[in-house]
Amino acid sequence: MLLFVARRLLYLIPVLIAVSLLTFFIASLLPGDLAYTILGDQATPENVAALRKDMGLDQPVWIRYFGWLGNILQGDFGRSFRTGQTVLQTVAERLPVSIELMLLAQLGALGIGVPLAIICAARSGGPFDRFMTGTAFGMLSVPTFLSAILLIYFFAVELRWLPATGYVPFAEDPLANLRFLVLPSLTLALAEWPSIMRVLRSDMIATLQEDYIALAKAKGLTPARILFVHALKPSSLTLVTITGINIGRLIGGAVIVETIFALPGIGRLLIGAILTRDLIILQGVVLLVGAGFVIMNFIVDMLYAVLDPRIRHGHA
Amino acid sequence: MNGNILLSVEDVVVDLPTPRGNLRAVDHVDLTVGAGRTLGVVGESGCGKTMLSRAVLQLLPKKAKLSGRVMFDGQDLLQLPPEKLRKLRGRSLAVVFQDPMTSLNPVLTIGTQLIETLQEHLELDDAAATRRSVELLAAVGIPAPEQRLAQYPHQLSGGMRQRVAIAIALSCEPKLLIADEPTTALDVTIQAQILDLLAREQRRRHMAMIIITHDLGVVAGRTDEVAVMYAGRVVERAPTPALFKKMRMPYTEALLAALPKLDAAPHTPLPAISGRPPDPTRPLRGCSFSPRCRYAVARCQNEKPALEAAETKAHQFACFHPIEDHADANA
């Protein structure tokens, strides 16, 4: 098991290097000179040249890459030339918003998707199963910007139960914080539960055909025990993958949802950085988000081993 | 048949809808098993023997249609409400499946799979159930049973897994054990061990047993009665000694002839049964074995022989030209 973890951790290194390369070079391909952007319209060629020299922009791109990477390895991701804040400070400010949104959205999506999947699999082919499979397919085709606007219309505008936009930090007022996050996380959960349900439902239907389920029935176990103890665990590998990918994706913020609901998360930070050409912030945030995604996948791999002892013992 | 009848299968029919039409997997089968007795059900693959066992256990596929009566211990299993059926399964009616590689849950420990059965049916606390599980594993010949409880099925060999499956089946002292090809998936060297283990535990626990197999060699000497199945029907049924002394149905004879013999000269060709079993979605008008039977005459193709007793009441067969008659004709 220790060997398994160590080997997976080693795999992370080349992936992270690739992420840093892509981040840096794609950002440096953006049109326009950073020095001009910083100095604005009034810049004289002398000022620009001085700033370029100062920032190392006159150096070849691979030397700049290694300089950037070297600083990062020492914990220095750079500093925004607009706000003066370091990348790490900015991310630390925004990350809790995105993480809270991500966690609530996942809880919602799993809370809707998993029970429905189990009921559908247990009664596969029945009217409830067919109805839910159809509903899931329909929900899968609804874009988040549409469901967000509909939710705002019903719950904020018509019923006035929840605020439409805005944010209060959790530490300031936990209840208000949750009220602001209900609609955004519901929007994301509505987009994600159908895939969770479809995947778990079909895996579970396959599992229920297995010999060991027939034996579990022949042993006289209760239907609930067969579903939850015998069938759910071996059916949840794909579910874990999907959830892991969803979480990894949402670490980078939910750009659309954060924008619609005016949540100060990573997604809006990225959009802001792109619109204002804040290259340092953009590079740093994309790298951190990429690293988060890769690490999330590593955790998913570890969860496989927890779920299936054959992977744990290196048999599969 | 002496003693009380524990299981009686009466006129059971199993139909499976398939894209090619209705498949009659079990065709009007009658069987009985007395308490503490052993019945062997023999036939080649696809003859309906597994479907028959699944019908008894009520584990048929959802789409299957089942009719007839399955009387077990005085109750008709087909009429039993699900909750009562559940309390019976694993408690007084247990099963060992063919393939121990797939019949144990890969993500649960051996201990969990044993203990859950015990605690479902018997009032046992964790300590007592664990103790009982260790005893059961020891009884089926598993070395170091305490350590096995924490292991997963993939950490055990096929033979050991089948022993675990047998321990699970025996755990609540069932009245009837159905062993569906219990040795087919195992190495030849293990097969006799598993069969001997089943026979020993059966005697010790006074339970009845149904051994389902395609191998007449497995039922010889290990069963009280044998039923030979072909194309969903029982075609010959007799007390084991009587059957091996004088088989009447040509199919039974062909099945026995198809077994390799140790004392045969090298390179003796095996007399395989030519042809294939009839397509179960297109039932024949006459005897379903007639296309492959070397004794078949015109009548066999047009009329279905009934399962009838001959000189002794216990020996029944479904054939117009049972084997002895041919011998007479040749003499």
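This is a predicted model: local features need pLDDT of at least 70, side-chain atom pairs count only at pLDDT 80 or more; totals for chains, interfaces and linings use all residues.
**Contacts in chain B**

I started with how far apart in sequence the contacts reach (two residues are in contact if their C-beta atoms, placed from the backbone, lie within 7 Å). In chain B, 66% of the contacts with a separation of 6 or more are between residues 24 or more positions apart. Residues are numbered from 1 along each chain as its sequence is written, and chains are lettered from A and ligands numbered from 1 in the order in which they are written.

**Overall build**

I found 13 helices and twelve strands in chain B. These are DSSP runs numbered from the N terminus: helices are H or I with at least four residues, strands are E with at least two. Chain B has a radius of gyration of 21 Å, close to the 20 Å from the globule rule for 331 residues, so chain B is as compact as a globular protein of that length. The radius is taken over C-alpha atoms, and the rule is 2.2 Å times the number of residues to the power 0.38.

I also looked up burial: 44% of the 331 residues in chain B are buried. Buried means that 20 or more other C-beta atoms, placed from the backbone, lie within 10 Å of the residue's own.

**Side facing chain A**

I see 25 residues of chain B in contact with 19 residues of chain A. On the chain B side, α2 (82-88), α3 (100-103) and α4 (110-121) are the elements that give two or more residues. The largest share, four residues, comes from α4(B).

**The eight-stranded sheet**

I traced an open sheet with mixed pairing, in the order β6-β7-β8-β3-β9-β10-β12-β11 (chain B). Strands count as paired if DSSP finds at least two bridges between them. The edges are β6 (93-96) and β11 (308-309) of chain B, each pairing on one side only. β6(B) runs parallel to β7 (residues 176-180) of chain B, joined by four bridges, and A94(B) stands opposite L177(B).

Next I checked β3 (residues 38-42) of chain B, where five of five residues are buried. T38(B), G40(B) and V42(B) point one way, L39(B) and V41(B) the other. β3(B) pairs in the parallel sense with β8 (residues 208-213) of chain B over five bridges, with V41(B) opposite I212(B). β3(B) also runs parallel to β9 (residues 225-230) of chain B, through four bridges; there L39(B) has E225(B) as its bridge partner.

**Helix α7**

How many of the 13 residues of α7(B) are buried? Twelve are, so α7(B) is largely enclosed by the rest of the structure. Among them are M160(B), R161(B), R163(B) and L170(B). The buried residues pack against β6, α3, α4, α5 (126-139), β7 and α8 (188-205) of chain B.

I compared the length too: at 1.5 Å a residue the 13 residues of α7(B) should span 18 Å, and the end C-alpha atoms are 18 Å apart, which agrees. The expected span is 1.5 Å times one less than the number of residues.

**The four-stranded sheet**

I found a second open sheet, antiparallel, in the order β2-β1-β4-β5 (chain B). Its edges are β2 (21-34) and β5 (75-76) of chain B. Two bridges join β4 (residues 65-72) of chain B to β5(B), and F72(B) stands opposite Q75(B).
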